[in-house]
Amino acid sequence: MEFLELQNMKIHFPIRGGIFNTIQDYVYAVDGVNMVIGTGKTYGLVGESGSGKTTIGKGIIGLEHVTGGKVLYEGVDVTNKARSRAQAYRDYNKDIQMIFQDSTSSLNPKKRIKDVIAEPMRNYFNYTKEEELNRVIELLEIVGLNENAIYRYPHEFSGGQRQRIGVARAVASDPKLIIADEPTSALDLSVQAQVLNFMQRIQKEYGLSYLFISHDLSVVKHMADDIAIMHRGRFVEQGSKEQIFNNPQHIYTKRLLSAIPKIDPLNREEHMDERRRIEAAYHEHQKDYYDENGRVYDLMKLSDDHYAALNPNISAEQLNIKGDA
Ligand SMILES: Nc1ncnc2c1ncn2[C@@H]1O[C@H](COP(=O)(O)OP(=O)(O)O)[C@@H](O)[C@H]1O
Ligand SMILES: [Mg+2]
């Protein structure tokens, strides 16, 4: 069942200037995206830096103003209602939490771990001091930290531990969806794997859904059921993980896929050739994949679980020849 839906979501930032500080133009950070996140599922959102991924997450939880389209939560329009104090949106605010990439800046350095984790609970539950402490210890245990962490401060922990504290804090309000914005990109590979495995474990345990944001397709492959590839504020391709990985159609998706390092030394040479070919095709055929303003085309439905932003004036066969040549 779907419980979070974005319908043609837009977030445009005005650029002001001139002597009257009037609006000169807009940054089209998010420019008409659609997404359905199912219960217990992970939606992977991939794209290079500046493509608009974080802005989508912030729009969902109400940290950025949504300028067009809708955010629906269990069928109810909650656009720009999140973070409001109104009782009606209390559940929404409780049910959707966001973890940011930089755990150092998102955990208050002056607060002890006990309070860092308990804060969301205090907003939504009426625990006694004892219940609260027990719950904090339980959460620390779940994320693999010792209970004597409670009186320490965030800076006393390693990056990986802090990121797990961030996850414990996010889970504390008993949410249904966690928006994880590059949760492991600041971590070493081995620690990254630990945090990801742990996130998958609590997903099963709590029936959580994730919006998993990353610039790294290989990480998303490990986590996601569905994937959207974002570029210049729009989705260039969207669908099931199988379609995105086995049947990519947009040159930008192919380029991201070819950039995933291959470990197999036998095919390394071949892989490098392929990568160079796609890189060349990407630059050579911009006009076939983006309109005259460099804008990503509207998505075209290719099958029930696959959409790609293809030029409506060029046939798929022609694009394929160019994209693969
Ligand atoms: N508050 C803001 N005001 C103006 N522009 C912004 C603001 N936040 C983000 N942007 C711009 O929107 C675009 C998308 O940013 P962001 O969502 O952070 O991308 P990503 O997370 O994919 O790296 C960028 O061009 C960024 O500079
Ligand atoms: Mg970002």
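User: To start with the ligand: how far from an oxygen atom of ligand 1 does a polar side-chain atom of Thr54 lie?
Analyst: The separation is 2.8 Å. Please bear in mind that this is a predicted model.
User: What about the side chain of Thr55 and ligand 1?
Analyst: An N or O atom in the Thr55 side chain is 2.5 Å from an oxygen atom of ligand 1.
User: Which backbone atom is 2.6 Å from an oxygen atom of ligand 1?
Analyst: That is a polar backbone atom of Gly50.
User: Which residues are around ligand 1?
Analyst: The residues from Glu48 to Thr55 are listed there, namely Glu48, Ser49, Gly50, Ser51, Gly52, Lys53, Thr54 and Thr55.
User: Changing topic, how is the protein chain divided into domains?
Analyst: The domain assignment gives domain 1 as 2-105 + 177-246 and domain 2 as 248-325. Their C-alpha centres lie 24 Å apart. Domain 1 brings 21 residues to the contact, and domain 2 brings 24 residues.
User: What area is buried between domain 1 and domain 2?
Analyst: It is about 1,900 Å², with carbon and sulfur atoms giving 52% of that area. On the domain 1 side, the residues that lose the most area to domain 2 are Arg234, Val236 and Glu237, which together account for 31% of what that side buries.
User: How many salt bridges cross the interface of domain 1 and domain 2?
Analyst: Two salt bridges are found across it. For the model, the count comes to 16 salt bridges.
User: What about Asp31: which residue forms a salt bridge with it?
Analyst: Its partner is Arg295, and the closest N and O atoms are 3.0 Å apart.
User: Where in the chain are the two residues, Arg295 and Asp31?
Analyst: Arg295 is in the loop between helix 12 (286-289) and strand 11 (300-303), whereas Asp31 is in strand 2 (residues 22-38). The pair links distant parts of the chain, 264 residues apart.
User: Why can such side chains pair?
Analyst: Side chains of opposite charge can do so when their charged atoms come close.

Definitions and conventions. Residues numbered from 1 in each chain as written. Chains lettered and ligands numbered in written order. Predicted model: local features only at pLDDT ≥ 70, side-chain atom pairs only at ≥ 80, totals over all residues. Heavy atoms only, no water. Domains from an automatic or database assignment. Contact = heavy atoms within 4.5 Å. Buried area = accessible area lost by both parts, 1.4 Å probe. Salt bridge = Lys/Arg side-chain N within 4 Å of Asp/Glu carboxyl O. Near = heavy atom within 4 Å. Polar contact = N/O pair within 3.5 Å; in protein donor to acceptor, adjacent residues only side chain to side chain. Helix = DSSP H or I, 4+ residues; strand = E, 2+ residues; numbered from the N terminus.
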